[in-house]
Amino acid sequence: MARGEWRLQLHHRGNSICSYKKITLLVCFFNIVVALYSLRSLYASLYIYSGSVARNFGVYRPDQIRKTEESNQIRKAYKPVELIKLVKELEGEFSRENVAVELPRHLKQKIIDEVLQRLGNLHGSRKNMSHSQGMAKEREAVENWRKEKLKEVKLTVVRGNSNSTIPHEEAGMLARALESDWAVLSEEIGLWIPTEVANEEHNDKPEGAAEIEEEVLPGKPLPPECNAELHTDYDGAAVRWGLTHHKDSAADCCQACLDQAKHAKEGEKKCNIWVYCPSQFGCHSPDIYEHKHQECWLKYAEKPKQNFKDRYPEWYRNSHPSAPVIVPWASGVVSA
């Protein structure tokens, strides 16, 4: 009886083991089927994509291919080859011009020595010249030197002239620097000559108007002891600054100078020069201040000396372009 029960348990246990194996095989088979289906779907999508790409490339007929070739030949025949070549050459020239030539240091020094020697030859002939005439002569001398040197280096480049003071390999660079980059080269070697300033005098007087023989200062008449001088600026140590000392007329300014000299304390400088600005537009002066109408300067000088009289000289106006032609100040020297 016990042996029969034992056999029955072994039979049930064997059936359960077989069922587990079957289930495992079924699951593996199902996974393999799913994997194959996925691979098939992926392959099908790739085939469809490649087919669509292949269909995008049309098949041209022989007459269409012939017309395409003819159109390409016509386009090449009408291509502006010469114009394109010319444009490229111009672009190359412009690009070369935009790049400044850097000369060797010893060559720059040689140029400086030659320019200084040419300018040194002018010192003897400038004695009887004005400032502007001297500057014009210097500009002319430098320009003549540049033209002569440019001609020399060009001959060296073309002919390989061994008599030139510039080596053949450096002549090309120097020719370009003297011809197209002269302004840059002048700045590099420190060559600067002031340009001529044209000071034009404008005559606003109407046609046919009579000349005024004598100019009169506005305001009260000046007494003789003021020794008034029109269009005159005297130098001297300031006893009273005119920037904060204004008077209604030149006569009042002169009187202020006389009064200061009369009431000056011992050891103080006594006014013996008065300088007045009668112009409504202000008066010019080389200092940093803006001098306005009715400024009255009280000054002292042991030996009064004029700064300017009647007209500002040409050399002064060249260095002070804002200076007028006529001296606007009125001055006088009084006895202390």
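Colleague: Glu70 first. Is Glu70 buried, partly exposed or exposed?
Modeller: Glu70 counts as partly exposed, because its relative accessibility is 38%. Buried means under 20% relative accessible area, exposed over 50%, and partly exposed in between, with a 1.4 Å probe and protein chains only. This is a predicted model, in which local features need pLDDT of at least 70 and side-chain atom pairs count only at pLDDT 80 or more, while totals for chains, interfaces and linings use all residues. Residues are numbered from 1 along each chain as its sequence is written, and side-chain values use heavy atoms, leaving out hydrogens and water.

Colleague: Which residue forms a salt bridge with Glu70?
Modeller: Arg66 does, with the closest N and O atoms 3.3 Å apart. A salt bridge here is a side-chain nitrogen of Lys or Arg within 4 Å of a carboxyl oxygen of Asp or Glu. Arg66 is partly exposed, at 43% relative accessibility.

Colleague: Why are Glu70 and Arg66 separated by about one helical turn?
Modeller: Because they are four residues apart in helix H2, residues 62-77. Helices (H or I, at least four residues) and strands (E, at least two) are DSSP runs, numbered from the N terminus.

Colleague: How many salt bridges does the structure hold?
Modeller: Nine. One of them pairs Arg118 with Glu148, closest N and O atoms 3.0 Å apart. That pair links distant parts of the chain: Arg118 is in helix H4 (105-120), Glu148 in helix H5 (131-159), 30 residues apart. Arg118 has a relative accessible area of 25% and is partly exposed. Glu148 is partly exposed too, at 46%.

Colleague: And what forms a salt bridge with Lys149?
Modeller: Glu152, again with the closest N and O atoms 3.3 Å apart. Both lie in helix H5, three residues apart, about one turn of the helix. Salt bridges that share partners join Lys110, Glu114, Lys149 and Glu152 into one network. Lys149 is buried at 7% relative accessibility, whereas Glu152 is partly exposed at 25%.

Colleague: Surface next. Which residues form the nonpolar patch?
Modeller: Leu83, Leu86, Val87 and Leu90, with about 330 Å² of accessible area together. Patch residues have over 30% relative accessible area and no salt bridge; like charges are joined within 9 Å, nonpolar side chains (Val, Leu, Ile, Met, Phe, Trp, Tyr) within 5 Å. Areas come from the Shrake-Rupley method with a 1.4 Å probe, and for residues only the protein chains shown count as cover. Leu86 sits in helix H3, residues 81-98, and is partly exposed at 44%.

Colleague: Which residues form the positive patch?
Modeller: Arg75, Lys76, Lys79 and Lys88. Lys and Arg count as positive, Asp and Glu as negative; His and the chain ends are not counted. Each charge is placed at NZ of Lys, CZ of Arg, CG of Asp or CD of Glu. Lys88 is in helix H3 and is exposed at 56% relative accessibility.

Colleague: Switching to the strands. Where is Thr232?
Modeller: In strand S2, residues 232-240. Thr232 is buried, at 0% relative accessibility. Beyond four places in sequence, the residues it touches include Gln306, Phe308 and Trp329. Contact means heavy atoms within 4.5 Å.

Colleague: What about Asp233, buried or exposed?
Modeller: Buried, with a relative accessible area of 8%. Asp233 is in strand S2. Its C-alpha is 7.5 Å from that of Val327, 94 residues apart along the chain.

Colleague: How many helices and strands in the chain?
Modeller: Nine helices and five strands. Of the 336 residues, 26% are buried.
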